[in-house]
Amino acid sequence: MDLTQARETKAQLSDFARDLAEQHGVPASPYAVGDDATPADVVRAPTLSLGLAPRGDGEYGIAVRYRLGVPTARSFVRKLAAEAGDAVDVRRTGRIRTLGAQVRPPVATARALGETDRVRPLRPGVSIAHVDVTAGTLGAFVVKADDAGRYVLSNFHVLAGSPSAQVGDVVVQPGPADGGRAPEDRVGTLAQVVPLMPGEPATVDAALALLDDGIEIDPTYPVGAVTTTAVAAGGEAVAKIGRTTAHTQGRVTAIEMDDVVVGYGDELGALSFDNQIEVEGTGGTFSRGGDSGSLVYREDGVALGLLFAGSETGGADGTGLTYCNPVDAVLEALGITLAPR
C-alpha cells in the first residue's frame with residue numbers, strides 16, 4: 001500500500017477495533033472509561049495501538065502493537081489480522097513507561113554508560129533535570145523568535161516532572177539522581193512546558209529550561225549543530241546520544257502510532273499519545289530509563305523526534321521499543337527552533 005492507502009486502511013481498522021471493543025464491553029478509547037477510571041483501566045483500554053509500518057519502496061503496512069498480559073488484546077489482534085491479511089505488522093510490547101532515570105544514586109549512575117558527571121560546557125546527551133526529578137537527558141539547544149534567551153529542550157517529565165512544577169523552578173546538571181544539587185549545579189530554570197494532565201490524551205512530552213547567564217554550551221556534539229528537521233517516513237537509520245545508554249543506533253519501525261499508552265507514575269497515571277514514532281535498536285537496545293529527552297536524528301544529522309518513552313521488552317530482538325514525539329510537533333508546541341546560539 002502507498003501512504004494514502006495505508007492511512008485509509010488504518011482508519012478502517014481503527015473503526016473495526018472500536019466495533020470489537022463495543023461487542024466485548026471494552027472501552028474503545030483510553031479515556032472512555034469514565035471519571036472513576038483507574039490507571040489500570042486506561043492501560044487496558046485500548047488494548048492495542050495502530051500505526052503505519054514501512055515496507056520499503058514507499059510501501060506501508062499497518063503496525064499493530066499490543067501489550068503482553070492482556071488476553072482481550074490477543075483476541076483483537078487475531079481478528080484485525082484476519083481482516084487486513086498480510087498488511088499487518090504485529091508486535092508485542094512490555095509495559096511502556098517514561099524513560100527518566102528509575103532509581104536513585106548510586107545505582108542509577110553506576111548503571112549509566114552516558115555522561116552523568118557535571119559537564120561544562122553543556123552539550124547534548126548529558127544528565128539534566130528539575131531539582132526534584134531523578135535525571136533525564138539534555139536533548140538540544142533552541143531559541144525563540146524575538147527572544148535573546150538561550151534554552152534547553154527536554155521532556156516535561158525531565159524538566160518539570162509534575163503538574164505542580166512552576167516556571168522559575170531550578171534545573172540542575174547533572175540531574176539529582178547523578179548527584180546534582182542546587183545551587184552549585186544550577187544551570188537554569190524551568191521556562192515553559194506543554195502541559196500533561198491526568199485523563200487527557202496528548203501528542204508531545206516537552207519542556208524548556210532557560211539557561212542562566214554565563215553557562216557555556218557546545219551545540220556541535222556529537223554530530224554538529226542540529227538545525228534541520230524532517231518528518232519521519234519510516235525505515236530511517238537513526239541515532240541518539242543519551243544519559244544512560246550513550247550513543248545508540250536504531251531504525252524507525254513505525255510512524256503515526258496512535259493510542260500509545262505510557263505510564264507516568266502515581267501523579268499523572270497512564271496517558272495516551274497519538275501520532276508517535278517507534279524506533280527499534282539495531283545491535284542492542286536503543287534506550288533505557290534516563291534517556292528521556294534525547295534528540296533522535298538521522299545519520300545525516302537531521303532531527304526526527306524527541307525520545308520520551310519505551311518498553312524493556314518487545315521488538316524483533318526482545319530489547320524493547322522506543323517512542324518519540326515528532327520533532328516538528330514539539331517545536332511548534334513550544335514556539336521554538338533548533339538554532340543554538
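Predicted model: local features only at pLDDT ≥ 70, side-chain atom pairs only at ≥ 80, totals over all residues.

Me: Is Lys79 buried, partly exposed or exposed?

Reply: Lys79 sits in helix H3 and belongs to the positive patch. Buried means under 20% relative accessible area and exposed means over 50%, with partly exposed in between. Because its relative accessibility is 34%, Lys79 counts as partly exposed.

Me: Which residue is joined to Pro121 by a cis peptide bond?

Reply: Good one to look up in the structure: Pro121 is in the loop between helix H4 (107–110) and strand S5 (127–130). The omega of the cis bond is about 0 degrees. The partner of Pro121 in this bond is Arg120.

Me: What is omega for the cis peptide bond between Ala182 and Pro183?

Reply: To find the place, go to the loop between strand S9 (170–172) and strand S10 (186–193), where Pro183 lies. The peptide bond that joins Ala182 and Pro183 is cis, with an omega of about 5 degrees.

Me: Asp146 has a positive phi although it is not a glycine; is Asp146 buried or exposed?

Reply: The phi of Asp146 is about 60 degrees, and the residue is found in the loop between strand S7 (140–142) and strand S8 (151–154). Its relative accessible area is 87%, and the cut-off for exposed is over 50%. So Asp146 is exposed.

Me: And Glu256, is that residue buried or exposed?

Reply: Glu256 also has a positive phi, about 55 degrees, without being a glycine. Glu256 is found in strand S13 (residues 246–258). With a relative accessible area of 17% and a cut-off of under 20%, Glu256 is buried.

Me: Which strands are the edges of the open sheet of seven strands?

Reply: The pairing is antiparallel, and the order reads S6-S5-S9-S10-S11-S8-S7. An edge strand here pairs on one side only.

Me: Which residue in S11 is the bridge partner of Thr189?

Reply: S10 and strand S11 (residues 207–211) run antiparallel, joined by five bridges. For Thr189, the bridge partner in S11 is Leu210.

Key
Residues numbered from 1 in each chain as written. Heavy atoms only, no water. Patch = residues over 30% accessible without salt bridge, like charges linked within 9 Å, V, L, I, M, F, W, Y side chains within 5 Å. Areas by Shrake-Rupley, 256 points an atom, 1.4 Å probe, with all protein chains shown as cover. Salt bridge = Lys/Arg side-chain N within 4 Å of Asp/Glu carboxyl O. Lys, Arg positive; Asp, Glu negative; His and termini not counted. Charge placed at Lys NZ, Arg CZ, Asp CG, Glu CD. Helix = DSSP H or I, 4+ residues; strand = E, 2+ residues; numbered from the N terminus. Buried < 20%, exposed > 50% of the residue type's maximum accessible area, 1.4 Å probe, protein only. Pairing = 2+ DSSP bridges.
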